[in-house]
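Q: Could you walk me through this one, starting with how the charged side chains pair up?

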Amino acid sequence: MFFYLSKKIAIPNNVKLKCISWNKDQGFIACGGEDGLLKVLKLETQTDDAKLRGLAAPSNLSMNQTLEGHSGSVQVVTWNEQYQKLTTSDQNGLIIVWMLYKGSWYEEMINNRNKSVVRSMSWNADGQKICIVYEDGAVIVGSVDGNRIWGKDLKGIQLCHVAWSADSKILLFGMANGEIHIYDNQGNFIMKMKLSCLVNVTGAISIAGIHWYHGTEGYVEPHCPCLAICFDNGRCQIMRHENDQNPVLIDSGMYVVSIQWNHTGSVLAVAGSQKAITQDKDVNTVQFYTPFGEHLGTLKIPGKQMSALSWEGGGLKIALAVDSFIYFANIRPDYKWGYCSNTVVYAYTRPDRPEYCVIFWDTKNNEKYVKYVKSLISITTCGDFCILATKADENHPQFVLVLCNSIGTPLDPKYIDLVPLFVTMTKTHVIAASKEAFYTWQYRVAKKLTALEINQITRSRKEGRERIYHVDDTPSGSVDGVLDYSKAIQGTRDPICAITASDKTLIVSRESGTIQRYSLPNVGLIQKYSLNCRAYQLSLNCNSSRLAIIDISGVLTFFDLDARVTDSTGQQVIGELLKLERKDVWDMKWAKDNPDLFAMMEKTRMYVFRNLDPEEPIQTSGYICNFEDLEIKSVLLDEILKNPEYPNKDYIINFEIRSLRDSRALIEKVGIEDASQFIEDNPHPRLWRLLAEAGLQKLDLHTAEQAFVRCKDYQGIKFVKRLGNLQSESMKQAEVAAYFGRFEEAERMYLHMDRRDLAIGLRLKLGDWFRVLQLLKTGSGDADDSLLEQAHNAIGDYFADRQKWLNAVQYYVQGRNQERLAECYYMLEDYEGLENLANSLPENHKLLPEIAQMFVRAGMCEQAVTAFLKCNQPKAAVDTCVHLNRWNKAVELAKSHNMKEIGSLLARYASHLLEKNKILDAIELYRKASYFYDAAKLMFKIADEEAKKRTKPLRVKKLYVLSALLIEQYHEQMKNAQRGKVKGKSSEASSALAGLLEEEVLSTTSRFTDNAWRGAEAYHFFILAQRQLYEGYVDSALKTALHLRDYEDIIPAVEIYSLLALCACASRAFGTCSKAFIKLESLETLSSEQKQQYEDLALEIFTKHTPKDNRKSELDSLLEGGEGKLPTCVATGNPVTEYQFWTCNVCKHCVQAQEISNYNFCPLCHSAVG
């Protein structure tokens, strides 16, 4: 960071200044002094020149108003930026609030306690409240509209400072005796602050300043110290919050009068005076520190007594009140920035995010890429790459060097255990240094590598492309260094303060002024030089022969590394300090292509030096990005960072150096001959190129060719040769226009010559297909069909790349590009279009499988199968059906294409489902594939399991019905299959019989194919009996319950006979009831306790009622049972005795004729009544 004095304003009548405050938002400067002096000034830049921006632009006072109202010396001035108010107070205790009206300041409010003097005033962060502290201990908190919120007298305390916390919840009061008390925002005392910086201090001290940065522009890093407290003896502490037990401590070693943070809380300015060693009088000094206590530099100010300082809102200037003058110093911040391959990389903090926002701004295309980086330390660039040095973790002392390309893509991160305070990079190496050691990393950028090269890289990685050297070591270069972080821990008496490197040389500078020169890539110490300055910034020229050094006070010197000179003792030494020395330098850059050419920034001027001789300066305050081809590219970072999210191309400025300007002027004004002579005397490839271009413009081909030869431009020479072979002058002019990128002009010339083909050729080269199409359509003759198709397809590609699929489709249709059309339809989800396309393609077209796959991805089975079959891939069609769970279709296809493996495939999938216990999925699978028998087996298994679990009977009945229906489908399938076999034979009856016989052979072992409906009947009657019982039809219930005796294998006997006993009892059929009890008592599955209970119950019933049935006759037939029994009505449970009854088509069960009229569905299988 560099600073230099830039302006001085004198106050009339030599009135001494007491205080100064710079409004951060509107830029007004208020200064108060003796005899009631109060002025408001405003500096504004006035320039018409676009290049003169920022600090380089001349500034004048656009406002200089004296505010009348105070009589005594004005001691406190403070701004309320949010409400554009100024609050001032004098030695008599008078407070005035001023407001801006029509460009002038007027009194708005006045207040005077007449008791004491105001020592400090502070507005809170949002400008709503002001806290005023008086010397006698009175505290008043008022609102912005002048109302008093609260007041308090702190007895026996002399107050001198006040500060609000960022959230306005805490107030700090500074006492005259140096203590600081913490209060809440209602004036209640909380505690005294611990002042660690005053340990071992004796004597009277007073507070020089308290400034609490409110985080309005974000913080340098999360939990960054932001509360600065400084005492007049130079002791200072910077705290993270008011209770911070471990603050940053600074001893500035001077008498302090004032302190203030800059607008981002990244720099603390401490103003005061220092005892000079050589002089008797004190020297006015401003010291600058980071929030972590690192010293950034010192600025010395002329004059006797400095009284106050204040930062400008953008942090680029600082105003200092000294005697009766205001001095302005310009600040050149250490921005985190770099420049790589037309890209400016810069970082800034935002209040809404804890990380740094790093922007990669491509100045050529005006595109920007944003990357958020935690705890960024620095940005270093070289060639096309940049290194972001960051802290790995807040709690862990590890650091990361992230190699990025010019759009911010991280290519290779390296974790190191060494603080990268100084980082430099070359095209092959990154060197990072702490104060004691430096780390070298030979980085590689991934290109397309062969397997062999990849092996070599991994091997060489193991061999170590990373090394660490201690600054006190003397490496020879022959022995490989090692990655030993213990070297980084060893201390040194002479720390590193700057480094730089070129492809073959590494320079390390130390605080004593010693400079160590190492060779690269094998790090060997070649030479040590000794200088009498502490370097801040080092830079090597393009052939590593000279070193430029900017020291911490901004003095630029040059050192010739290879010069051999004789010193005062007659010894021959290597290295010589050159005569040139410049002050107030804050940036410099060597030319990339000339070792004697460099540019430097001195105050607000840029100087270009050739052989240490300066050219006339250029007014600018930009940072130099690049210097090559006699052109300097400079970036106005100050302007960019005012609105960092929207960088403007105007902030990149290109300066041409004098020889280039002179050559251009000679060519334009004098002629090519003289210019050629001048360039001969001052040769440079860029000047020869300028001459070659001028020769081409004037069609002086001889000069152009010679110039191209001199700047070794082979393409240029070939172009001139080609021009020489052209006959027509206008043709040559058109070619030259195209060469210089004036394509519209060249095209006009071609069309004028009636050479549409050349115009189309030109546009083809440029890839401007829209124009090609236009030219093809406007032509009179027939357009070339293949070219037209090509143009349509290329425009289709243009839209497809931008994902404008609808536009792309129109052009692909015209270009007959079926492949891309399919892709577009797919992206648009226009499956109808895709289907039409598939239909329009001939059989076995190579695109059909792709289209089929698109349908598969969309889950459209029919279309996919059609497409696969059209390209003769039945296997793929079957796979698709399987994939989409269309097993019936799969089986159908497999059968029609005689594919054997469908059965095994099905079995495999089913077993997979069964393994995962997805039985229902397996049933569905078999059902869809028409494997009804297997499905029914599984279904019966589920039904049996559910029955065992004693689930709801209705659920079990449903499962049995489903199983039985599957068996029915299986029977039907067997019949149909047999019919198909016996076509043309005797009769349908015989074929059906054969089907049944075959079925019999297949399923002799199975119990459930014979009587599939048993389970369903059992649970049907079980439910029906209970329903009838509950509805009061006890006789019907008894009849139904009697049927259940046939189903003991399905429903547990206990359930059956318990229900039968209950129904019989309800129906007064005690004989049947008695039989049921006998059966229950004889069941072996019951425990003796349960049997006993049944016996007790039977005894209780049959002591009251004789075990005989009252209505014997009706029950007889039911009780006898036997083979010749009548069919049962499934609706009522009664035997069907009439000749007319209804039979279900599906389950073949009967219902009495008079009952069926009440039903729409079969009571058992629930199929519709026909």
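A: A salt bridge here is a side-chain nitrogen of Lys or Arg within 4 Å of a carboxyl oxygen of Asp or Glu. This is a predicted model, in which local features need pLDDT of at least 70 and side-chain atom pairs count only at pLDDT 80 or more, while totals for chains, interfaces and linings use all residues. Residues are numbered from 1 along each chain as its sequence is written, and side-chain values use heavy atoms, with hydrogens and water left out.

Q: How many salt bridges does that rule give?

A: The count comes to 39 salt bridges.

Q: Which residue does Lys721 pair with, and how far apart are the closest N and O atoms?

A: Lys721 forms a salt bridge with Glu705, and their closest N and O atoms are 2.5 Å apart. The pair links helix α8 (residues 714-725), which holds Lys721, to helix α7 (residues 701-710), which holds Glu705, across 16 residues of chain; helices (H or I, at least four residues) and strands (E, at least two) are DSSP runs, numbered from the N terminus.

Q: What about Asp638, which residue does it bridge to?

A: Asp638 forms a salt bridge with Arg332, with 2.9 Å between the closest N and O atoms. That pair links distant parts of the chain, since Asp638 is in helix α3 (residues 637-640) and Arg332 is in strand β28 (residues 325-332), 306 residues apart. Asp638 counts as buried at 4% relative accessibility, and Arg332 counts as buried at 1%.

Q: Changing topic, what is the strand order in the open sheet of four strands?

A: The order is β41-β42-β43-β44, with antiparallel pairing, where two strands pair if DSSP finds at least two bridges between them.

Q: Which strands stand at its edges?

A: β41 (496-501) and β44 (524-530) do, and each has a single partner strand, so one side of each is left without a neighbour in the sheet. Five bridges join β41 to the antiparallel strand β42 (residues 505-510), and Ala501 has Leu506 as its bridge partner in β42.

Q: Where does Arg510 come in?

A: Arg510 is in strand β42, and its partner Asp494 is in the loop between α2 (486-489) and β41. Their side chains meet in a salt bridge (3.8 Å, N to O), and both Asp494 and Arg510 are buried.

Key. Buried means under 20% relative accessible area, exposed over 50%, partly exposed in between (1.4 Å probe, protein chains only).
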